[in-house]
Every structure is written in structure tokens, then in C-alpha cells.
Amino acid sequence: MKEQKKVNPLATESEGKLIAKFAIPAIISMLVSSLYNIVDQIFIGQGVGLLGNAATNIAFPVSIICTATALLLGIGSASNFNLCSGAGDHEKASRIAGTGLSMLVICGVIIAAVVLVFLDPLLHLFGVTAKILPYAQDYTGITAFGIPFLILTTGGNHLIRAYSMTCMLTGAIINTVLDPLFIFGFHWGIKGAAWATVIGQIVSGIMVIVYFGRFRKMELKKEMFRPRGHLLKMILSLGMASCINQIAMAVVQITMNNTLRYYGAASVYGTDIPLACVGVISKVNMVFMSIAIGISQGCQPIWGYNYGAGSYDRVKRTYWKAFRVAMTVGIVFFLCFQFFPTQLVSIFGTGSKEYYEFAARYFRIFMFMTFVNGIQPMSSGFFTSIGKAKLGIVVSLTRQVIFLLPLILIFPIFMGIDGVMYAGPIADAAAGIVAIGFAVKEIRAMDKIA
């Protein structure tokens with residue numbers, strides 16, 4: 001054990017250096033994966049306008065569901081693959097990878113078919129209005145064709161870490177180049193943005209297929225791609241935590257859209273302005289959350305290795321260093337949201353006086369507790385990495401499901417659309433307190449067994 005600690009940098013290298021080493025690539029990967037939505041939102045806002053921004057917000061639950069499926073199968077496959085490889089069972093590891101890859105394709109095709117067949121009912125479920133409907137139909141109906149490739153890329157990248165950045169970045173660059181060409185050059189409007197997204201996703205998906213066809217390091221035979229029940233069960237068990245968190249986000253997004261539509265109709269803003277503003281702001285917040293989740297992912301191998309080795313001091317130091325980094329990043333974004341809300345929204349197109357007024361108020365009120373919002377995903381990853389998966393799931397669900405979901409249903413009854421805004425900081429504060437409380441309790445438990 002002592003010899004292993006000398007060799008493995010996870011046991012000896014500075015915690016700060018390790019956090020930077022693992023977190024920076026994870027953050028970049030998360031930012032690249034969110035680039036599709038952000039770039040689309042910018043060009044749609046500039047070229048289509050408010051209703052286009054609202055349409056992408058209505059379509060967003062489909063993206064979340066795709067991500068949930070990809071993480072369920074991708075993380076579950078990668079985790080089991082690594083465990084079996086480490087144990088020397090390379091054939092089983094390859095069979096798990098084959099099952100995971102085939103299920104990514106199968107699920108992608110099924111979800112795409114469901115979206116295309118039930119497009120209008122789904123859009124109404126997601127909170128669409130009469131004015132937004134034609135834009136949402138065009139955008140969601142076209143992007144549905146890219147769903148199998150999106151799921152394959154997002155899930156498959158967990159099995160090809162070294163090559164994943166190239167796949168995702170290539171698709172994002174293609175999307176960024178084609179967006180202005182299709183929207184402004186060809187005058188395709190929101191359809192152009194949708195086709196740019198699909199083409200980028202197809203290219204990324206093909207790159208993943210090419211990798212597994214020619215450059216893979218694992219041994220995959222044709223029969224290994226036939227899904228096997230017992231292997232799928234193993235995959236689902238280790239991918240469920242990440243999937244549940246994404247599904248919770250989708251449920252909250254759908255509830256939020258319908259609440260904004262209902263109470264917006266009774267406000268001076270109407271139904272479309274709140275949906276457009278929240279769509280834009282959620283994309284801006286994706287940048288912050290990408291960094292926060294990247295910090296969590298970067299710390300997980302450090303926490304997991306040292307907790308397993310009994311080096312609890314290193315586990316604790318890593319947690320508190322990650323805590324300070326997450327808080328610092330949160331404070332920077334908090335200041336941006338409080339002092340530059342109009343400038344941030346303007347990046348995504350122009351709007352009326354009411355549009356900017358609602359956006360500024362939403363930024364300043366709903367996002368008021370941004371400085372603590374990095375603590376929850378970081379703490380959830382902490383618990384998962386030390387083997388407390390159930391506690392990790394509970395912490396990951398606190399903000400979205402346990403606190404925010406009921407608050408955005410209850411507060412507007414008494415406060416109208418303002419209730420949605422004030423639900424945000426209260427849910428964030430409560431989730432932060434719970435996450436820190438559980439973390440401190442766990443760290444004190446380590447002190448007792450050290």
C-alpha cells in the first residue's frame with residue numbers, strides 16, 4: 001500500500017494541482033457540450049427574435065431527456081467497464097461496452113421517433129403558446145433527427161475520454177459556423193439553426209462510430225453489441241444517479257414553463273416574454289453550472305482514491321479547496337448577474353422595454369444565491385465518489401425537486417409571476433445549507449475513524 005501511494009499521484013501530489021489537472025478538462029468538456037444550446041440561442045435571438053428564443057426554451061426538456069439517457073447508459077457503461085478492466089476481466093468489460101453502445105443507439109432512435117410522432121402534444125405539455133408553436137414545431141421537429149447522434153456522442157464519450165473532446169468540439173465548431181450561414185445567409189430562420197445543430201451532431205456521432213470501428217483499444221466483436229439483460233442491469237445501477245438528476249431538471253423545466261405561461265398571462269409581461277427571458281437566462285446559467293459540475297467531476301477521482309486508501313486528511317483538504325473554488329466562481333457570476341443583466345440578455349437579441357425589465361428582475365432575484373449554487377453539485381459528487389451514492393442522489397435532488405418544484409407551484413398563488421422569481425433564491429439557499437450540513441457531518445465522521 002505504501003509503495004502504491006508513492007507511485008500514484010492521487011495519493012502524493014498537491015490537492016490543488018490535482019484539482020486543476022482533473023477539473024480543467026472536465027470544465028472544458030462541459031462547456032463544449034453546452035455550446036450547442038448557447039450558440040443556437042445567440043444566433044436565434046439575433047436572427048429570429050423573442051419568439052425564437054422562447055421556442056428553444058420550450059424544446060429544452062427534449063435536450064435534457066436526451067442527456068439523461070446518455071448519462072444513464074454512458075456513465076453506467078464506463079464505470080462498469082473500468083471496474084471489470086481493473087479486475088482483469090477484459091472480455092466482460094468489452095461486452096458491457098458493446099451493450100452500452102447498442103442501447104445508446106436504440107434509445108436514441110426510440111426517443112427521436114416519439115418526439116416526431118407526438119410533437120404537438122409534447123410541445124403543449126412543455127408549455128408552448130399559440131405564437132411560439134410554429135417556431136417550436138420547426139426547431140424541435142428538425143432537431144429530433146439529430147437525437148440518435150446526440151445520445152450516442154454524449155454517452156459514448158464516457159468510454160473514449162481521450163478522444164471525446166475532439167468529437168464534441170468538432171460538432172460544436174460546425175454548428176457555430178453553420179448557424180449564421182443558414183440563419184442569415186440562406187434566410188432559413190429558426191429552421192437554419194435546427195439544421196446546423198443536427199449536422200454538428202451527426203458529424204460528432206460519426207466520429208464516435210469511426211473510433212469504435214478503427215481506433216478503439218477495447219476488443220469488440222459483433223456478438224458483443226447484442227444487449228444482454230444482466231449487463232444492462234449493471235449499467236443502469238451505476239448510471240442511475242446522474243440520470244435522475246437530469247430527469248428532475250426536465251420536470252422542473254416543464255413545470256416552470258407552464259407556470260410562467262399561466263401567470264405571465266395575468267401580468268404586464270404576457271406569456272411570451274417570460275418564456276423567452278427564462279430560456280436565455282437558463283443558457284447563461286449553463287456556463288456557470290458547467291464550471292461547477294466540472295469542479296465536482298475533477299475532484300471525484302481524488303476523493304474516491306484517498307477515501308478508499310484511508311487518507312481522510314487528503315479527502316477533507318480536497319473538499320474544502322474545491323469548496324473555496326466553487327464559492328469564488330459563484331461570486332464572480334453573482335456579480336455579473338447583479339450588475340450586468342441587461343448586457344447579458346442583449347447578447348441573445350433585442351426586445352421591448354418589458355422584455356429587458358423582466359430579464360433584469362429575473363437575473364437579480366431568481367439568481368440571487370448564485371454564489372452558493374456550486375456547493376450542491378460539488379457535494380453531491382463528493383458523496384457519490386466516497387461510496388455514499390444514495391446520499392449523493394438526495395443532495396443532487398434537493399434544489400430542483402425537494403425545494404424549487406413545490407415553491408414555484410405555491411409562491412405564484414400568492415405573488416403572481418413574481419413568486420417564480422423568489423422561489424429561486426430560497427430553494428438555492430436551502431439546498432446549499434443541506435449540502436454543507438451533510439458534508440460537515442461526513443467529514444466529522446472521518447475524524448472519528450481516522
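Guide: Helices in what follows are DSSP runs of type H or I with at least four residues, strands are E runs of at least two, and both are numbered from the N terminus. The model is predicted, and local features need pLDDT of at least 70, side-chain atom pairs count only at pLDDT 80 or more, while totals for chains, interfaces and linings use all residues. Residues are numbered from 1 along each chain as its sequence is written, and side-chain values use heavy atoms, with hydrogens and water left out.

Visitor: OK, where does Ile199 sit?

Guide: Ile199 belongs to helix H10, which covers residues 190-215.

Visitor: And is Ile199 buried, exposed or something in between?

Guide: Ile199 has a relative accessibility of 32% and therefore counts as partly exposed, where buried means under 20% relative accessible area, exposed over 50% and partly exposed the range in between, with a 1.4 Å probe and protein chains only.

Visitor: Switching to charges: how many salt bridges does a search of the whole structure find?

Guide: The search finds nine, a salt bridge being a side-chain nitrogen of Lys or Arg within 4 Å of a carboxyl oxygen of Asp or Glu.

Visitor: What does Glu15 pair with?

Guide: Its partner is Arg317, and the closest N and O atoms of the two are 2.9 Å apart. Glu15 is in helix H3 (residues 15-47) and Arg317 in helix H13 (residues 312-339), which makes this a link between distant parts of the chain, 302 residues apart.

Visitor: What about Asp418, which side chain does it meet?

Guide: Asp418 meets Arg361 in a salt bridge, at 3.0 Å from N to O. Asp418 lies in helix H18 (residues 418-449) and Arg361 in helix H15 (residues 353-366), so this pair ties together parts that are 57 residues apart in sequence. Asp418 has a relative accessible area of 23% and is partly exposed, and Arg361, at 25% relative accessibility, also counts as partly exposed.

Visitor: And Asp428, what does it meet?

Guide: The side chain of Asp428 meets that of Arg399 in a salt bridge, with 2.2 Å from N to O. Asp428 lies in H18 and Arg399 in helix H17 (residues 389-415), so parts 29 residues apart in sequence are tied together here. Asp428 is buried, with a relative accessible area of 2%, and Arg399 is buried as well, with 14%.

Visitor: New topic: is H8 mostly covered or mostly open?

Guide: H8 is mostly covered, since eight of its ten residues are buried, namely Ile147, Pro148, Leu150, Ile151, Leu152, Thr153, Gly155 and Gly156.

Visitor: What is the phi of His187?

Guide: His187 has a positive phi of about 60°, although it is not a glycine. Most residues other than glycine have a negative phi. His187 is placed in the loop between helix H9 (161-185) and H10, and at 66% relative accessibility it counts as exposed.

Visitor: Where is Gly88?

Guide: Gly88 lies in the loop between helix H4 (50-86) and H5, and with a relative accessible area of 44% it is partly exposed. Its C-alpha atom is separated by 31 Å from that of Ile244, and the two residues are 156 residues apart along the chain.

Visitor: Last one, is Asn57 buried or exposed?

Guide: Asn57, which lies in helix H4, counts as buried because its relative accessibility is 0%. Between Asn57 and Ile28 there are 24 Å in space, C-alpha to C-alpha, for residues 29 residues apart in sequence.
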